[in-house]
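Thanks for coming. Please have a look at the model on the screen before I go on.

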Amino acid sequence: MGILSGNPKEEPLHYGEVFDIWTSELVGNSMIAGYQTLLNHAGDDDLKKLLVEAIETCQQQKKQVEELLKENGVGLPPAAPEPPEACLEEIPVGARIPDPAIAATLGADLAAGLVACSQLIGKSIREDVAMMYAQFHAQKVALGGKVLRLNKEKGWLIPPPLHLNKHHDC
């Protein structure tokens, strides 16, 4: 049997997998700190719930990725310190991040995360790594759907020009 057969966890990671997994951990660390900061700025209760869900999802994914990196002898990237909690009313109005901008940021981050997960899945030669990032992808799809629904319900979605198919009777 070759080096890439048998139990995937006993197979070595290739350099592309190591780089992408390590990078996803670094980005995840930044996302957690960023969403904690955005939570301080959010006023809408539904948006706050989605931010808490995003933080919890990132933290759960972080644990899985850290375990994988440690099992493979890869050093962990630095984590941003947890930002302090702030009272929304104490943040000056001109310095606040408005709820529509927070929701748009969350949606854009999820879209970028879908692409990153897809690329890592495509590069992986270890089935366990591909499946883990497929799981992360599915979680991002589900959360992204909730963010889209919230943006529509709150009137925060700014669509591009809509194509209305006009049928011409000739």
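By class, how many nonpolar, polar and charged residues does the lining of the largest pocket have? The lining has 15 nonpolar, nine polar and six charged residues. Here Ala, Val, Leu, Ile, Met, Phe, Trp, Tyr, Cys and Pro count as nonpolar, Asp, Glu, Lys and Arg as charged, and the others, Gly among them, as polar.

A word on the source. This is a predicted model, where local features need pLDDT of at least 70 and side-chain atom pairs count only at pLDDT 80 or more, while totals for chains, interfaces and linings use all residues. Residues are numbered from 1 along each chain as its sequence is written, and side-chain values use heavy atoms, with hydrogens and water left out.

Back to the pocket. It holds about 570 Å³ of space. Among its 30 lining residues, Ser24, Val27, Gly113, Ala116 and Lys140 are the closest to its centre. A pocket is an open set of points on a 1 Å grid over the protein atoms alone, where a 1.4 Å probe fits, with protein on both sides within 12 Å along at least five of seven lines; lining residues have an atom within 4 Å of a point. Helix 3 (99-123) gives the largest share of the lining, 10 residues. Helices are DSSP runs of H or I, at least four residues, numbered from the N terminus.

Now the helix pair. Helix 1 (residues 15-41) and helix 2 (residues 45-71) pack at about 155°, with axes 9 Å apart. Axes are lines fitted to C-alpha atoms over the stretch in contact, and angles run from 0 to 180 degrees between N-to-C directions. Helix 1 and helix 2 are therefore roughly antiparallel, a label for angles over 145 degrees.

Methods: Helix = DSSP H or I, 4+ residues; strand = E, 2+ residues; numbered from the N terminus. Parallel < 35°, antiparallel > 145°, perpendicular 65-115°, else oblique. Points joined across faces, edges and corners; volume = space filled by probe spheres on them.
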